[in-house]
Amino acid sequence: MKPYEEWQKLVETERQPAEHEAFWNAYFAKETEAYRAILSEKTGKLSGTQAELAARYDMSNIEFAGFLDGINTSLTAEADLENLTDETALLCKLILKSCFIICIKQKQTGCIRSRSGSRS
């Protein structure tokens, strides 16, 4: 099974409310760190295989497929999630303003740090 298919299956898994909340809290913590790293790099690019990028942002390959799903609308050309494999080479050009807006909309206050280093 491909990573995005596994992500969809994982997301659709029935869980008890506490398990559901724990799952999403753990994922959103990783997502927040990935956004923080991407925005602090200021390159506007994600480059590497799906597996390399997952490792770079401390996610499983399945979680990174989910991350790509969420960030896809912030890419200049959307990633082909359906055909994504661990070995797929990705060169994603990001619309940084869009990534920043996603962070704000999701109220991920840990995503952006002010110049003083404190969370904004």
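This is a predicted model: local features need pLDDT of at least 70, side-chain atom pairs count only at pLDDT 80 or more; totals for chains, interfaces and linings use all residues.
**A chain, one question at a time**

Me: What percentage of the 120 residues count as buried?
Reply: Buried means under 20% relative accessible area, exposed means over 50%, and partly exposed is in between (1.4 Å probe, protein chains only). Of the 120 residues in the chain, the buried share is 38%.

Me: How do α1 and α4 sit relative to each other?
Reply: Helix α1 (residues 3-12) and helix α4 (residues 61-71) pack at about 85 degrees, with axes 8 Å apart. The axes are lines fitted to C-alpha atoms, for helices over the stretch in contact, and angles run from 0 to 180 degrees between N-to-C directions. Under 35 degrees counts as roughly parallel, over 145 as roughly antiparallel, 65 to 115 as roughly perpendicular, and the rest as oblique. So α1 and α4 are roughly perpendicular.

Me: How many charged residues are in the contact of α1 with α4?
Reply: Contact means heavy atoms within 4.5 Å, and here α1 brings Pro3, Tyr4, Glu6, Trp7 and Leu10, while α4 brings Asn61, Ile62, Glu63, Ala65, Gly66 and Asp69. Ala, Val, Leu, Ile, Met, Phe, Trp, Tyr, Cys and Pro count as nonpolar, Asp, Glu, Lys and Arg as charged, and the others, Gly among them, as polar. That contact has six nonpolar and two polar residues, and the charged ones number three.

Me: What about α1 and α2: which class of residue makes up their contact?
Reply: These two pack at about 140 degrees with axes 11 Å apart, which makes α1 oblique to α2. Trp7, Leu10 and Val11 of α1 meet Phe23, Trp24 and Tyr27 of α2. With no polar and no charged residues there, all six are nonpolar.

Me: Which residues touch the most other members of the largest nonpolar core?
Reply: A nonpolar core is a set of buried Ala, Val, Leu, Ile, Met, Phe, Trp, Tyr and Cys residues joined through side-chain atoms within 4.5 Å. The largest has 25 residues, with α1, α2 (17-41), α3 (50-56), α4 and β2 (89-93) each supplying at least two. The biggest share, six residues, is given by α2. Touching the most other members are Phe64 and Phe67.

Me: Is Gln50 buried or exposed?
Reply: Gln50 is found in helix α3. Leaving aside residues up to four places away in sequence, Gln50 touches Pro3, Asn61, Phe64, Ala65, Leu84, Thr85, Asp86, Thr88 and Leu90. Because its relative accessibility is 0%, Gln50 counts as buried.

Me: How far apart in space are Leu90 and Gly48, C-alpha to C-alpha?
Reply: Leu90 lies in strand β2 and is buried, at 12% relative accessible area. Its contacts, not counting residues up to four places away in sequence, include Gly48, Gln50 and Phe64. Leu90 and Gly48 are 42 residues apart in sequence, yet their C-alpha separation is 5.4 Å.

Me: What is the phi of Lys42?
Reply: Most residues other than glycine have a negative phi. Lys42 lies in the loop between α2 and β1 (45-49) and counts as exposed, at 65% relative accessibility. Its phi is positive, near 55 degrees.

Me: Where is Asp58 found?
Reply: Asp58 also has a positive phi, near 55 degrees. At 60% relative accessibility, Asp58 counts as exposed. Its place is the loop between α3 and α4.

Key
Residues are numbered from 1 along each chain as its sequence is written. Side-chain values use heavy atoms; hydrogens and water are left out. Helices (H or I, at least four residues) and strands (E, at least two) are DSSP runs, numbered from the N terminus.
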